[in-house]
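Welcome, and thanks for taking a look at this one with me.

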Amino acid sequence: MRTLVVHLKSWRAAGLGAALMLALLMPHQASAWVREGHMATGALAYDILEQRDPEAIAAVLRLMQAHPDRARFDSQLGGLTGRDGERRMFELMAIWPDAVRGTPYAYPSWHTSQRIVSSAGSVIPFAFGGAQFEFGRNLAVTHDAAASDADRAVALCWVMHIVGDMHQPLHTAMWMSWRFPITDAGGQWAWVRPSPDAEPERLHRFWDAAGHPAELVLAPPESLEAKLEQDPPTETLDPETAFAHWVAHARELAYEVVYARGRLRAGNSPGSARVLSSDYVEQAQAVSRVQLTAAGRRIGALLSGLR
């Protein structure tokens with residue numbers, strides 16, 4: 001019995017040591033989705049509010065007048081006005097937390113809530129990153145009529161962005177194995193090639209761009225696509241509980257699809273990058289598009305009722 005206790009303590013100590021090393025060596029946080037991906041979620045959220053709660057759009061635009069980084073938005077609107085300008089504002093809000101990296105507005109840890117989804121997760125059973133906590137805090141500020149308009153505007157941008165981030169599976173998960181003893185840092189240290197003639201790229205970057213969305217359009221209500229996109233039962237839960245379900249689902253996708261239940265053989269350097277199968281690439285594109293669409297729909301629902 002004494003020997004067993006010693007082994008258990010040693011195992012836990014090794015896990016804590018690995019966690020500390022991981023925290024120290026984690027690379028600079030990567031963006032989730034390419035710029036166009038986040039912008040698409042913002043545009044879809046606008047389209048949903050336009051149909052369901054136009055007053056919420058007016059409230060968002062009023063709050064954004066007080067945003068402390070307003071000049072950045074004005075410079076990127078490109079002179080657009082009317083509905084086009086309003087929709088572009090939503091797109092810019094969704095990407096703002098990525099646009100301000102390296103400035104006092106940046107909070108790198110808010111972009112992730114990554115847990116190890118390989119068997120090694122039993123040794124280090126907690127998440128890295130503050131996205132789940134910050135989602136709830138920023139959502140509360142967004143809907144707090146007593147908060148300043150400037151604070152609410154900043155919180156709005158973060159709510160939109162965090163929801164988008166947490167629908168990218170590799171912002172919720174990472175892999176730990178003999179090939180990646182300090183994890184693959186959510187695919188940032190894993191290298192792949194999308195085709196035999198493609199240059200090596202990080203697995204995380206591949207998934208950021210997998211959706212390739214030019215625009216996410218709401219399907220006609222009577223269409224099969226609309227029926228398939230119906231909000232799951234989690235949408236009836238309170239926002240923070242629903243958010244936890246979204247994150248858990250993204251982690252499942254990371255295990256099942258991104259890492260293919262451990263069958264993915266990514267390289268640990270550009271020179272050892274493995275070529276992804278065409279089936280894998282097609283599945284990544286399909287999953288990413290569904291996730292981006294879900295994120296846009298959910299952002300719209302979260303902002304409904306804003307005044």
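1. Let us start with Ser288, which counts as buried because its relative accessibility is 1%, below the 20% cut-off. Please keep in mind that this is a predicted model. Ser288 is found in helix H11.

2. Which residues does Ser288 touch, not counting those up to four places away in sequence? You will find Trp33, Trp207, Ala210 and Gly211 there.

3. Glu282 is also a residue of helix H11. Is Glu282 buried or exposed? Glu282 has 52% relative accessibility and therefore counts as exposed, since the cut-off for that class is over 50%.

4. In sequence, Glu282 and Gly211 are 71 residues apart, while their C-alpha atoms are 9.8 Å apart in space.

5. Now for a helix pair. Helix H7 spans residues 149–165 and helix H11 spans residues 278–303; their axes come within 9 Å and cross at roughly 150 degrees. That angle makes H7 roughly antiparallel to H11, because angles over 145 degrees are classed that way. The crossing of the two helices is right-handed.

6. What makes the contact between them? On the H7 side, Leu156, Val159, Met160, Val163 and Gly164 take part, and they meet Ala295, Ile299, Leu302 and Leu303 of H11. Sorted by class, this contact has 8 nonpolar residues, 1 polar residue and no charged ones.

Conventions
Residues are numbered from 1 along each chain as its sequence is written. This is a predicted model: local features need pLDDT of at least 70, side-chain atom pairs count only at pLDDT 80 or more; totals for chains, interfaces and linings use all residues. Side-chain values use heavy atoms; hydrogens and water are left out. Axes are lines fitted to C-alpha atoms, for helices over the stretch in contact, and angles run from 0 to 180 degrees between N-to-C directions. Helices (H or I, at least four residues) and strands (E, at least two) are DSSP runs, numbered from the N terminus. Angles under 35 degrees count as roughly parallel, over 145 as roughly antiparallel, 65 to 115 as roughly perpendicular and the rest as oblique. A crossing is left-handed if the near helix is turned anticlockwise from the far one by less than a right angle, and right-handed if clockwise. Contact means heavy atoms within 4.5 Å. Ala, Val, Leu, Ile, Met, Phe, Trp, Tyr, Cys and Pro count as nonpolar, Asp, Glu, Lys and Arg as charged, and the others, Gly among them, as polar. Buried means under 20% relative accessible area, exposed over 50%, partly exposed in between (1.4 Å probe, protein chains only).
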